[in-house]
Amino acid sequence: MDDTDQRLISLLRQNARLNIADLAHKLGVSRGTVNNRLRKLEDQQVILGYTVRLRPESEPDRIRAWMGIQVEGNTTRQVIASLLGEPGVVALHDTNGRWDLLAEIEASSMRELSDVLERVRLIGGIRGTETNIHLTTYR
C-alpha cells in the first residue's frame, strides 16, 4: 500500500459513505483510479467491509479496549496497514514510550474481542501487545 491507498482508507474510515467523485477530488486523482484502488484493496482483503460508527452512548453494552503494540524493527508501516484493515480496530495512534502504537478496539461480545485480539497478535511485525478493557468512561 502506498500513500494514496493510506489516504483513501483514512477518508473511508472518517466517512465510508463518500462517493467515488468526492474521494477522487479529495485525493487529487481520477474516479477510475479510486475505483481501481478500492477494487484492489477489497480483492486483497485489506478492506473487509464498510460500516457505521455510532456515538458510544448509543451502545452502552459495547466492549471497548486499548491495546498497546510493540513493533519489531522497521515494520511499522506494514503493521499499520494491517491494523487499518482490521474491522475491530476503530482508531490507531502512533505514540512514544513503551508502546509504538495504541489501538482502540471495539467488540460486541467477549468472544468477538477475543477474535480481534487473536487476529491482531498474528500480524507479522508485532513483537508484543497489552490490552486493557474500558470499564467506565467519565468524559
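Predicted model: local features only at pLDDT ≥ 70, side-chain atom pairs only at ≥ 80, totals over all residues.

**Exercise 1.** Determine how the buried residues of α1 are arranged around the helix axis, and identify what covers them.

*Solution.* Begin with the extent of the helix: α1 covers residues 3–14, and its 12 residues reach 17 Å from the first C-alpha to the last, which is close to the 16 Å expected at 1.5 Å a residue. Next, taking under 20% relative accessible area as the cut-off for burial, one finds that Thr 4, Asp 5, Leu 8, Ile 9, Leu 11 and Leu 12 are buried. Viewed down the axis of α1, these buried residues fall within an arc of 160 degrees, so they line one face of the helix. An α-helix has 3.6 residues a turn, so residues three or four places apart point the same way. The face turned away from the buried side carries the exposed residues Asp 3 and Gln 14. Finally, the cover over the buried residues of α1 includes α2 (20–27), α3 (31–43) and α4 (76–84).

**Exercise 2.** Carry out the analysis for α2, and then examine the start of each of the helices α1 and α2.

*Solution.* The buried residues of α2 are Leu 23, Ala 24 and Leu 27. Seen down the axis of α2, they fall within an arc of 100 degrees, so they line one face of the helix, whereas His 25 and Lys 26, on the other side, are exposed. The buried residues of α2 pack against α1 and α3. Turning to the helix starts, a side-chain oxygen of Asp 2 comes to within 3.2 Å of the backbone nitrogen of Thr 4 at the start of α1, and a side-chain oxygen of Asn 19 comes to within 3.1 Å of the backbone nitrogen of Ala 21 at the start of α2. After α2 comes Gly 28, whose phi is positive, near 75 degrees.

**Exercise 3.** Describe the largest nonpolar core, state which elements supply it, and look for a second core.

*Solution.* The largest nonpolar core has 18 residues, of which Met 67, Ile 69, Leu 83, Ile 105, Leu 113 and Val 120 touch the most other members. At least two residues of this core come from each of β1 (63–71), α4, β3 (101–107) and α5 (110–121), and the largest share, 5 residues, is that of β1. Leaving aside neighbours within four places in sequence, Met 67 has contacts that include Leu 101, Ile 105, Leu 117, Val 120 and Thr 131. A second, separate core has 14 residues, among them Leu 11, Ala 24, Leu 41 and Leu 84.

Key
Residues numbered from 1 in each chain as written. Heavy atoms only, no water. Helix = DSSP H or I, 4+ residues; strand = E, 2+ residues; numbered from the N terminus. Expected span 1.5 Å × (residues − 1). Buried < 20%, exposed > 50% of the residue type's maximum accessible area, 1.4 Å probe, protein only. Arc of directions from axis to C-beta. Contact = heavy atoms within 4.5 Å. Polar contact = N/O pair within 3.5 Å; in protein donor to acceptor, adjacent residues only side chain to side chain. Core = buried A, V, L, I, M, F, W, Y, C linked by side-chain atoms within 4.5 Å.
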